[in-house]
Amino acid sequence: MKYVDEFRDRDKAAALATEIEKLACSIEGGSTPIHIMEVCGGHTHSIFRYGVEELLPARIELIHGPGCPVCVLPMGRVDDCVAIAEQPNVIFTTFGDAMRVPGSRKSLMQARAEGADVRMVYSPMDALALARAHPDREVVFFGLGFETTMPATALTILQADREAIDNFTVFCNHITIIPTIKAILDSPDVRIDAFLGPGHVSMVIGSAPYDFIARHYRRPLVIAGFEPLDVLQSIWMVLKQIKEGRCEIENQYARVAAAGGNVAALQAIARVYELRPFFEWRGLGSIDHSGVRLRPEYARFDAERRYAIPNARIADPKACQCGEVLKGVLKPWQCKVFGTSCTPQTPAGALMVSSEGACAAYYQYSSAKQRTGARG
Amino acid sequence: MGKTHIRPQRVLGKLQVATVTLAHGGGGKAMKDLIDDVFVAAFDNSDLAPMEDQARLDLGMLAAAGDRLAFTTDAVVVDPLFFPGGDIGKLAVCGTINDLAVGGAIPLYLSCAAIIEEGTSVELLRKVAQSMAHSAQLAGVRIVTGDTKVVPRGACDKLFITASGLGVIPKGVQLNAHAARPGDVVLVNGLLGEHGAAILAARGEMALDCTIESDCAPLHELVAALLARAPGVRCLRDATRGGIATVLNEIAQASHVGIEIDEAQCPMREQVRGFCEILGLDPLYLANEGKLVAIVAPEDADAALTALQAHPLGAEARIVGRVTELEPGRVVMRTLLGGHRIVDMLVGEQLPRIC
Ligand code: SF4
């Protein structure tokens, strides 16, 4: 475990920060802000957890993207989870951080307190093991996340298929990041000059799917690792591209994410899922082809087909300005309800839900001084 | 029902069965056998009050030790009941002792109650009772009264224990959560997050191979050594549930001061750090069962550190931060990277992140 400290060294961070500062000063435009979006919630978490923004020159503004699967989960979907979990004889299994996401009536945590059998698992294979151990119960796994977690769910379904386990289903809410980046870039008020690409997603899909961002939208993107020094180095690489007038897809995270992605994972994804015509995102609305569901061949593992699911669309509260924050138009604390009617205990919007959400991260990690001071 | 006070000369009952049933909670012969055979036999000491419903303590002796009584209670539930470095019994005894110790009290007497789920094995109860007796003996405190209840299957998870403790605070000792002042230093007595990590790992849900042990230990001797050498100790807290992050927030709020800690100074085993890394947990919020936070006046900082480090339970003690006047009520951490962030209270329990 020793390796982690290499990526958190104060001296190295200070040296990189100096280089970034120099580079930022040398880019044309004086003090006009340079907006860089980190797409992935893992980056957002790391940036706040280590106070990365404090090391950056004022000119660089980070925009915290939509890449937290828990945050962008629409309320109606949580209601669906609760409805399934409350069916008699069901064991509903989920990753821990989805437990507290509020639905319109209650969260899974509350459903469990009221008697539903909701259990936290660390992988879909754990859920399958529960199904094997309890043949008289119906085990449902809440499939959630981007391409990072998609392959594990797919492999679990293939395994269940091989073993002909018939008391295991998946409530599939896997989503895909590319159409969402595109939707953000297409919105008229967008202010993003460059991207940090999600390292773990790229580990699965490789770098080719991002090409259109450089080619069509003329924005540089650097696939970044999750340690704070990775983030700093990636910011430096992005600035270098801007300075040199390049728009390319570069890979800072080559130690983990290969250019071609992970072939076996991609095959499992292709075998098990198909794109949905559209999927609803909390804070962003409906985005075409942004979610996947199980192919008809695996229908018997599909919780959506086995259970009557309310599937109601619950609109975000009117005061909610998550969309503007995601596009970089507003800073989290500039939202009308930040810290008043929207807090981590009572989240009104998506970005307040998990610690990877930008609003929750600001609320939790940055002081009033930091919010209003030079870094604001 | 179920009081464990007995006449020492009385013949002790013997259990004939291997598992506890509801009959052992019924108040009759079966219950007497359970209490005698498992608890009284383990706790056997001459202070057990002779067949009364309460322990009777000599006031004169207490008054000679100090000028205030300290009284506390702790409810202990833990899954699994046995884990590397301890078990529910040791936890109940040490936790209660520590609650007294951080008030500066000399812990003297404990009262323990066990709520037992029907179907629990007698062997398991024996092990727990022996562990309690052993821990109490090592710490020099006495278990003088107790109670048991047996509840139907499903009404509790195998075994719950509550322990209350009585101690005496010596004259002149004044430790208060609202006494921290800007300039004070913040110390911890050793490696953080071990109990929380050990319990999570022992549950075996994430198939991680690790050998982290709980730090469960009684801290009263360490505290006594600290107070003797460093009179400038203003406040002590044991960093149990919620970890040092929670305790520091409580102190910052009670004293209306800011606290700044340095992540690079927070002592932590590599394994605990790696474990948290994988699960997306923050070690500052993990429970400890043998760690305290000390707020000490600056002039006594070195004396306090030396006193802690001289004791086996404080060998890894460190100064981790300072009390400031900035942002009263807030805890700020200088990160490993050199940036800063707020260390807030948790909203609920820590939940592992998925990516
Ligand atoms: S404060 Fe709440 S409503 Fe406003 S943008 Fe953030 S999450 Fe959305």
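I count two strands as paired if DSSP finds at least two bridges between them. Helices (H or I, at least four residues) and strands (E, at least two) are DSSP runs, numbered from the N terminus. The model is predicted: local features need pLDDT of at least 70, side-chain atom pairs count only at pLDDT 80 or more, and totals for chains, interfaces and linings use all residues. Residues are numbered from 1 along each chain as its sequence is written.

Entry on the sheet. I first looked up strand E12 (residues 331-334) of chain B, which pairs with E13(B) in the antiparallel sense over 3 bridges. B:Met333 stands opposite B:Arg341 in E13(B). I then traced the open sheet of 7 strands in chain B and noted the order E8-E10-E7-E11-E9-E12-E13, with mixed pairing. Strand E8 (233-238) and strand E13 (340-342) of chain B are the edge strands, each pairing on one side only.

Entry on helix H7 of chain B. Among the buried residues are B:Ile244, B:Val247, B:Leu248 and B:Ile251. Their cover, by contact (heavy atoms within 4.5 Å), includes strands E7 (185-188), E8, E9 (258-262), E10 (292-296) and E12 of chain B. After H7(B) I noted B:His256, whose phi is positive, near 50°.

Terms used:
Chains are lettered from A and ligands numbered from 1 in the order in which they are written. Side-chain values use heavy atoms; hydrogens and water are left out. Buried means under 20% relative accessible area, exposed over 50%, partly exposed in between (1.4 Å probe, protein chains only).
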